[in-house]
Amino acid sequence: TLHRTRQVRANASFTSPNVVGGGLSHTIRPGCDLPTEEPFFNALVRSLFAEGLMPAGSVLDVGARRGETACLYATFAPERQVHAIDPSARNVKQIERVYRRMFPNLKARVGGLGSHYVPQLSAKVRWNQITGLSSLIDGDMGAGKEREASRPEASQDPTTGDATFPIFTVDDLFSSERLGFAHIDVEGSELSVLRGARTVIARDQPIFTIETHAHVHDPQPTIELLDFVASQLGYQLLMVQEVCGIISVCR
């Protein structure tokens with residue numbers, strides 16, 4: 001599957017000022033913070049909207065964090081409904097507080113996505129004392145445990161705590177709503193999300209993006225994910241090798 005995947009590589013000179021400052025700024029209304037990561041990817045998505053190549057339907061941003069990416073989608077397509085989903089209640093409150101009034105087409109919801117519905121999932125979260133935002137440390141999203149080995153144990157860190165949130169499926173959320181585009185970044189649970197989206201994907205044929213984690217030591221989860229997309233969903237794959245962006249996060 002990896003050999004069959006077409007690859008687009010960002011040129012070294014294709015830096016965040018070129019893309020974010022020049023290629024995106026003219027499309028963004030006041031009040032929308034620019035993402036500091038994935039400038040090449042964001043420029044590609046903007047082009048799909050601007051050139052009318054994005055299928056009809058609503059937009060889904062899974063793992064929305066503080067909402068900058070969802071806000072971009074709300075400005076790229078103000079006529080579309082944009083759904084931002086994040087397991088952190090703090091993050092969702094931030095999205096509602098910062099963006100909701102200016103972007104009525106942007107709606108945020110606390111929760112996660114997986115292969116099946118779970119009323120309440122318990123997980124560990126960490127709060128960033130600078131930004132006030134939180135991120136998921138550990139939780140069973142339907143495809144195994146999600147962990148970041150570089151982080152200390154939650155019990156030893158005063159900035160961590162417990163959180164509960166529901167797990168939805170894409171098929172349930174969009175049973176009566178057309179899906180045009182989905183950005184899925186759920187730290188290793190992407191395959192689980194897609195398994196819970198088979199009906200909607202078959203019905204609407206949306207464009208969707210997933211983080212492949214090809215940069216980790218074990219390539220098997222990436223191979224399984226891409227094989228599912230190609231063989232089970234029947235999609236053509238396009239891999240974007242991102243530049244680092246403003247901060248040093250290459251993916």
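Predicted model: local features only at pLDDT ≥ 70, side-chain atom pairs only at ≥ 80, totals over all residues.
Residues are numbered from 1 along each chain as its sequence is written, and side-chain values use heavy atoms, with hydrogens and water left out.

**View A. The open sheet and the pairing of β9 with β10.**
Five strands make up an open sheet, in the order β4-β3-β2-β9-β10, and the pairing is parallel. Strands β4 (106–110) and β10 (207–210) sit at the edges, each pairing on one side only. On average, neighbouring strands here are turned by 15° against each other, direction ignored. Strand β9 covers residues 179–184 and pairs with β10 in the parallel sense over four bridges. For the bookkeeping, two strands pair if DSSP finds at least two bridges between them. Helices (H or I, at least four residues) and strands (E, at least two) are DSSP runs, numbered from the N terminus. As a reminder, strands of a sheet pair through backbone hydrogen bonds, either parallel or antiparallel.

**View B. Helix α2 lying across the sheet.**
Helix α2 (residues 39–50) lies across β2 (58–62), β9 and β10, and runs at about 175° to β9. Axes are lines fitted to C-alpha atoms, for helices over the stretch in contact, and angles run from 0 to 180 degrees between N-to-C directions. Contact here means heavy atoms within 4.5 Å.

Look for Glu68 in helix α3 (residues 68–76). With a relative accessible area of 7%, Glu68 is buried. The cut-offs are under 20% relative accessible area for buried, over 50% for exposed, and partly exposed in between (1.4 Å probe, protein chains only). Setting aside residues up to four places away in sequence, Glu68 touches Cys32, Asp33, Pro35 and Tyr99. The Glu68 side chain also makes a polar contact with the side chain of Arg66, at 2.3 Å. A polar contact is a pair of N or O atoms within 3.5 Å; within protein, one must be able to donate a hydrogen and the other to accept it, and residues adjacent in sequence count only if both atoms are side-chain atoms.

How many salt bridges does the structure hold? There are four, counting a side-chain nitrogen of Lys or Arg within 4 Å of a carboxyl oxygen of Asp or Glu. One of them joins Arg80 and Glu79, with the closest N and O atoms 3.8 Å apart. Arg80 counts as buried at 13% relative accessibility, while Glu79 is exposed at 63%.
Elsewhere, Asp204 and Arg178 meet through their side chains in a salt bridge (3.7 Å, N to O). Asp204 lies in helix α7 (residues 198–204) and Arg178 in the loop between α5 (170–173) and β9, so this pair ties together parts that are 26 residues apart in sequence. The side chain of Asp204 also meets that of Arg203 in a salt bridge, at 2.7 Å from N to O. Together, Arg178, Arg203 and Asp204 are linked in a network. Asp204 is buried at 4% relative accessibility, Arg178 is partly exposed at 41%, and Arg203 is partly exposed at 39%.

**View E. Aromatic pairs.**
Searching the whole structure turns up eight aromatic pairs. One of them is Tyr117 with Phe168, a tilted pair at 6.2 Å centre to centre and 35° between the planes. Tyr117 lies in the loop between β5 (112–113) and β6 (118–127) and Phe168 in strand β8 (residues 160–168), so the pair ties together parts that are 51 residues apart in sequence. Tyr117 is partly exposed, at 46% relative accessible area, whereas Phe168 is buried at 15%.
Phe208 and Tyr235 have ring centres 4.8 Å apart and planes at 45°, so that pair is tilted too. Rings of Phe, Tyr and Trp (its six-membered ring) pair if their centres lie within 6.5 Å; planes under 30 degrees apart count as stacked, over 60 as edge-to-face and the rest as tilted. Phe208 is buried at 14% relative accessibility, and Tyr235 is buried at 16%. Ring pairs also link Phe49, Tyr73, Phe76 and Phe181 into a cluster.
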